[in-house]
Amino acid sequence: LGSVLLQMARTQKNKATAHHLGLLKARLAKLRRELITPKGGGGGGPGEGFDVAKTGDARIGFVGFPSVGKSTLLSNLAGVYSEVAAYEFTTLTTVPGVIRYKGAKIQLLDLPGIIEGAKDGKGRGRQVIAVARTCNLILIVLDVLKPLGHKKIIENELEGFGIRLNSKPPNIGFKKKDKGGINLTATCPQSELDTETVKSILAEYKIHNADVTLRSDATADDLIDVVEGNRVYIPCIYVLNKIDQISIEELDIIYKVPHCVPISAHHRWNFDDLLEKIWDYLKLVRIYTKPKGQLPDYTSPVVLPYCKTTVEDFCMKIHKNLIKDFKYALVWGSSVKHNPQKVGKDHTLEDEDVIQIVKK
């Protein structure tokens with residue numbers, strides 16, 4: 001790993017070396033994958049306290065350096081008592097807490113200090129990362145007095161584990177074939193990738209026959225992400241803690257930074273803002289149920305992730321047998337033109353719709 005990084009650092013960046021850098025990046029990605037993937041084919045379970053069962057409608061992972069106030073924030077948000085002490089590394093296992101917000105159950109997980117070098121197999125990094133990859137949202141907790149250095153380090157760590165923050169998968173088509181060589185098509189001008197570079201990156205993966213379609217101006221890293229195929233795309237909020245230690249002018253500046261929420265965990269300042277932003281980023285969809293001849297139950301919605309909101313998804317969330325007896329559904333709300341409207345199992349529901357299932 002060290003020698004590849006050294007070579008990359010020594011290579012001057014220009015058109016002629018882009019090809020060589022692409023090759024090194026691919027080599028690096030492969031080495032890192034070997035570090036994250038446990039050795040010896042699935043033997044040896046996760047470390048103590050890390051295989052936290054997924055409960056609730058969404059899972060939020062808290063990441064931050066030791067003593068930035070992560071545990072205080074967690075215990076104040078959830079009333080979960082995670083041992084808080086004034087020295088570093090108090091939190092050694094993931095502590096689950098659950099908060100109820102707008103009818104949804106949201107699981108909060110403390111991911112113990114992902115420190116520099118966790119992705120190179122240091123510390124208990126590996127198990128923490130496995131859990132981090134299953135989160136629906138990541139909160140990076142930063143100390144407002146030294147935010148940027150920490151932010152960069154944590155982002156690099158997460159990137160190294162194949163977690164991509166606040167971004168969408170690269171718009172690249174990639175299909176392996178048995179023969180025919182590498183076919184590269186680009187639907188727009190490319191500033192970094194040419195046939196030569198694409199071929200050398202794929203050769204590093206021992207792929208010599210494939211169709212590659214670049215639908216946006218892509219980088220070598222984008223192509224590697226698509227070939228590796230194990231990347232997860234997770235929204236992220238930066239929580240800047242300890243705002244009781246800065247001036248109003250400084251606070252005004254922070255408010256303009258994208259994906260940022262300033263708070264004081266200790267004084268419980270600005271928690272409303274934080275919860276509201278968490279809700280926005282989770283994009284959950286609440287569906288209320290209505291038994292025949294009764295009023296809708298507005299107290300306990302069925303909560304679906306925004307990418308799985310069809311009537312069939314709703315039925316599966318309640319019980320897999322429900323879809324077998326399904327005849328049609330009556331829906332009230334913003335997803336239909338008439339209230340109620342008769343719909344089939346492929347109909348897509350929207351937030352706060354009311355549904356009544358009619359069985360065969």
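Predicted model: local features only at pLDDT ≥ 70, side-chain atom pairs only at ≥ 80, totals over all residues.
Me: What makes β1 and β3 a pair of strands?
Reply: Strand β1 (residues 58-64) and β3 are joined by five bridges in the parallel sense. Two strands pair if there are at least two bridges between them, so five bridges are enough for β1 and β3 to count.

Me: Why is β3 called largely enclosed?
Reply: Buried means under 20% relative accessible area. Six of the seven residues of β3 (residues 104-110) are buried, so the rest of the structure largely encloses this strand.

Me: What makes β6 and β7 edge strands?
Reply: They belong to an open sheet of three strands, in the order β6-β8-β7, with mixed pairing. β6 (172-176) and β7 (182-186) each have a single partner strand, so one side of each has no neighbour in the sheet. From one strand to the next, the twist averages 5°.

Me: How do you know that β6 pairs with β8?
Reply: Again, the cut-off is at least two bridges. β6 and strand β8 (residues 210-214) have five and run antiparallel, so they pair. For a spot to look at, take I172: its bridge partner in β8 is L214.

Me: Which helices lie on that sheet, and what counts as touching?
Reply: Contact means heavy atoms within 4.5 Å. α6 lies across β6, β7 and β8, and runs at about 135° to β7. α7 packs on the sheet too, touching β6 and β8, with its direction at about 45° to that of β6.

Me: How do α6 and α7 sit against each other, and what makes their contact nonpolar?
Reply: Helix α6 (residues 195-204) packs with α7 at an angle of about 35°, and the axes are 11 Å apart. The crossing is right-handed. From α6 come V198, I201 and L202, which meet A220, L223, I224 and V227 of α7. Ala, Val, Leu and Ile are among the residues that count as nonpolar, so the contact of α6 with α7 comes out as seven nonpolar, no polar and no charged residues.

Me: Which residues of α7 are called buried?
Reply: In α7 (residues 220-228), the ones under 20% relative accessible area are A220, L223, I224, D225, V227 and E228. A220, L223, I224 and V227 also meet α6, while D225 and E228 are on the buried list as well.

How values were computed: Residues numbered from 1 in each chain as written. Heavy atoms only, no water. Buried < 20%, exposed > 50% of the residue type's maximum accessible area, 1.4 Å probe, protein only. Helix = DSSP H or I, 4+ residues; strand = E, 2+ residues; numbered from the N terminus. Axes fitted to C-alpha atoms, helices over the stretch in contact; angles between N-to-C directions. Left-handed = near helix turned anticlockwise from the far one by under 90°.
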